Amino acid sequence: MRRLLLLALVGLGAQLVDGSLGMAYGVTSTTLLLAIGTNPAAASATVHLAEIGTTLVSGASHWRFGNVDWKVVAKIGIPGAVGAFAGATFLSSLSTETAAPLMSIILLTLGLYILVRFTAVGLPKENLGKPLRKRFLAPLGVVAGFVDSTGGGGWGPVGTPAILASGRLEPRKTIGSIDTSEFLVAVAASVGFIIGIGSEGVNYAWVAALLIGGIIAAPIAAWLVRHIPPRVLGSAVGGIIILTNSRTLLRSDWIDASDNIRYTFYAVIYVVWAAALAWSFRQYRKHRDEERRIIAEAEAAALAGGVPDDKATTPAV
C-alpha cells in the first residue's frame, strides 16, 4: 500500500511538471520503476499504459485553456505514434546506451539556447506565428516517439525544446500541443508492448496508481501554463532540459563522473537556473509596468483631446 501511495505521488508530481513544462512524466516515472527492480520493457510499458489516461486528461485540459495547436498535434503526433510503436516492438533487441549520451548533448545544446534566449531577450517573435512545416515535425515526431518508447520517456524532452528553439510557437502552445499529441504516442507504444511482451511484468495496480496521480495533476498544470509569463516559462523549460541532460551525460559511460563532481555541477546549474528565473520575472514585470504606463498615457491623452477611448490608438511595446 505504501508503494502504491508513493507511485501515486510520483505520478502527481511528474504530471504537474510535465503539464507545466512539457516534459518529465515518463523519465521520472520510469526512473522510479527501474530503481525498484522492474525490467526496462515492463517499466516502459507500465508508464505508457498510465500515460494513455494522463495524456488524455492533460490534452483535454490544455484544449480547455486554449493551449493546443491542432495542426501541430496532427503533424507530429501521427509520426510520433509510428516511431513509438517501432521502438516498443523492438525494445528487447535494441540498446539506447550509446545513443543516449549523444542525444543528451543535442538536447543540452538546445536547452542552453532556450535558457539564454528567453532569459536575455524574452519570447522570440521574429518567427512567431509562422507555420511549423510537416518536413520538420514528421521526422521530429518519429525520433521523439522512438526515443520515448525505448527509453521510457523522451517525447517531451525531444519535442518541446526543438519546437521552442524554432521560435514559431509560443511556449504555452508548444507545451499544450506536445502534451496532447503524446496521447497518440502512449497508445501506439502500449500496443507495441502488448504485442512484444504481452502483459508479463506489468503491474496494473502500479499503472492505476500512476494514472490517478497524473489525472489529479493534469488540469492544475494546464491552468498553470496559461498563467505563467512566456519569458519565465521559457527560462523554466530551458533549465529543466539542461539539468535532465547534464545528469544523463555525467552518469553515462562517456564521462562516469564521481558523486562529488556531479553534485557540484548540479549545484551550479541550480544557482544559474534560479538566477535566470529571477531575472526573467523581473524583466517581465518591468515590461508589463511599462506597457501599462504607455496605455494609461495614451488613454489620458485621448480623453484630454476629446477622442473616445475606443478610438484611441495604443503604441506597441
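**View 1. Contacts of L140.** L140 touches I76, V158, G159, A162 and I163, leaving out residues up to four places away in sequence. Contact means heavy atoms within 4.5 Å. The model is predicted: local features need pLDDT of at least 70, side-chain atom pairs count only at pLDDT 80 or more, and totals for chains, interfaces and linings use all residues. Residues are numbered from 1 along each chain as its sequence is written, and side-chain values use heavy atoms, without hydrogens and water.

**View 2. The largest nonpolar core.** This core has 35 residues. Those with the most contacts inside it are L7, L33, V72, I76, L137, L140 and I163. At least two residues each come from α1 (2–21), α2 (25–35), α3 (40–64), α4 (70–89), α6 (134–151), α7 (155–166), α8 (171–197) and α9 (204–227). Another core, of 23 residues, lies apart from it; I114, L164, V225 and A236 are among its members. A nonpolar core is a set of buried Ala, Val, Leu, Ile, Met, Phe, Trp, Tyr and Cys residues joined through side-chain atoms within 4.5 Å. Buried means under 20% relative accessible area, exposed over 50%, and partly exposed in between (1.4 Å probe, protein chains only). Helices are DSSP runs (H or I, at least four residues), numbered from the N terminus.

**View 3. Q15 in helix α1.** Q15 sits in α1. Its relative accessibility is 3%, so Q15 counts as buried. Leaving aside neighbours within four places in sequence, Q15 is in contact with Y25, T54, S58, D179, G214, A217, A218 and A221.

**View 4. Packing of α1 and α9.** The two axes are 6 Å apart, at an angle of about 30°. That makes α1 roughly parallel to α9. Axes are lines fitted to C-alpha atoms, for helices over the stretch in contact; angles run from 0 to 180 degrees between N-to-C directions. Angles under 35 degrees count as roughly parallel, and over 145 as roughly antiparallel. α1 passes α9 in a right-handed crossing (the near helix is turned clockwise from the far one by less than a right angle). By class, the contact has 16 nonpolar, six polar and one charged residues. Ala, Val, Leu, Ile, Met, Phe, Trp, Tyr, Cys and Pro count as nonpolar, Asp, Glu, Lys and Arg as charged, and the others, Gly among them, as polar.

View 5. The axes of α10 and α11 cross at roughly 170° and come within 9 Å. α10 is therefore roughly antiparallel to α11. Their contact has 15 nonpolar, six polar and four charged residues. D256 lies in the loop between α10 (230–251) and α11 (259–304). D256 has a positive phi of about 50°, although it is not a glycine. D256 is exposed, at 57% relative accessible area.

Definitions and conventions: Angles under 35 degrees count as roughly parallel, over 145 as roughly antiparallel, 65 to 115 as roughly perpendicular and the rest as oblique.
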